[in-house]
Amino acid sequence: MSLLVVGSVAFDAIETPFGKTDKIVGGAASYISLAASYFTKSTNLVAVVGEDFPQEFVQHLNKHGVDTTGLQVKQGEKSFFWSGKYHTDMNSRDTLVTELNVLANFDPIIPEAYQNCEYLMLGNLTPKIQQTVLERLHKRPKLVVLDTMNFWMEIALDDLKETLKMVDVLTINDEEARLLSGEYSLVKAAAKIQAMGPKYLIIKKGENGALLFHGTEVFFAPALPLEEVFDPTGAGDTFAGGFIGYIAKTGDISFEGMKNAIIYGSAMASFCVEKFGTERIIDLSETELNARVHAFKNLVNFSL
Ligand code: AMP
């Protein structure tokens, strides 16, 4: 069942306690569409890059079955660039640079073949652009998921609040949930954020797992304790890609269905952090993925 992914496709420069990269391929939509491709072979991408973006990565996406007809390449312009540095605990980071470049004037054109998508994943982007995508779809998708970050809460809060009214699921981290709601308690924050629009809220807590809120119901998925965490960049997007990809595969948008989707999202994210950038999720085998999902099951399996 078809999935439309919109978000940044970019260059990142990352510094962690274990190493440093020059510009490597990143961007929310890169991670999301790669992760989703392990569950659905009908993923369509709308994004923008500059002429500096490597064609080789686009070919990787195509090999994964991701349709890139909606990826605009702007001649004479530069791709979005983000740089971040992680603290020693790897749970928090500082953004060092955000250069919007092609994102500053991004006009998200939806190819006709992408209309009627059943699932929409609005990855990290200017809230106004996320809203434009929704307005340009002839038919509202069955499920709309939105990811955002503190950057947009700080510079475009009013637009973000307008966009939130139009979505079903919001994924943000604990720090962002507190920033958006003004509440320290995540339970209170969840109630306030659900009142802003999204009836489902996923709060990601890095190595402490993720919480799914819906009304008064709550579900918790742990993060797998890993021997090595190399680079957390993109873990949130990979989580979102696994989540929406799994839902696109099953078609189940109930709270129960979302519980499984969160486990698959967490499994995908656990791979992402094992290497820099998209390296670890570019070539996963089905056996590896199944083993990881079982490791999650065993982690929380107990009898009363
Ligand atoms: P995550 O680690 O899952 O929060 O996502 C990191 C990715 O988000 C990186 O690959 C960046 O290129 C991308 N990113 C960072 N800041 C922004 C922004 N303001 N808008 C869109 N994408 C961003």
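What covers the buried residues of α5? Let me take that helix first, then the ligand.

Ground rules. This is a predicted model, where local features need pLDDT of at least 70 and side-chain atom pairs count only at pLDDT 80 or more, while totals for chains, interfaces and linings use all residues. Residues are numbered from 1 along each chain as its sequence is written, and side-chain values use heavy atoms, with hydrogens and water left out.

Helix α5 spans residues 157-164, and its buried residues are Leu160, Thr163 and Leu164. Buried means under 20% relative accessible area (1.4 Å probe, protein chains only). Helices here are DSSP runs of H or I, at least four residues; strands are E, at least two. The three cover an arc of only 100 degrees around the axis, which puts them on the same side of α5. That arc is taken over directions from the helix axis to the C-beta atoms. The cover includes α3 (127-136), β10 (143-147), α4 (150-155), β11 (169-173) and α6 (174-181). Contact means heavy atoms within 4.5 Å.

Now the ligand. Of the 19 residues around it, Ser8, Asp12, Gly27, Gly234 and Asp237 come nearest. Near means a heavy atom within 4 Å.

Polar contacts next: pairs of N or O atoms within 3.5 Å. A polar side-chain atom of Ser8 sits 2.8 Å from a ligand nitrogen. The side chain of Asp12 has an N or O atom 2.4 Å from a ligand oxygen. For Arg93, the corresponding distance to a ligand oxygen is 2.9 Å.

Finally, the shell. β2 (10-16), β7 (80-86), α4 and α8 (235-250) each supply at least two residues. The largest share, 3 residues, comes from α8.

Conventions
Buried < 20%, exposed > 50% of the residue type's maximum accessible area, 1.4 Å probe, protein only. Polar contact = N/O pair within 3.5 Å; in protein donor to acceptor, adjacent residues only side chain to side chain.
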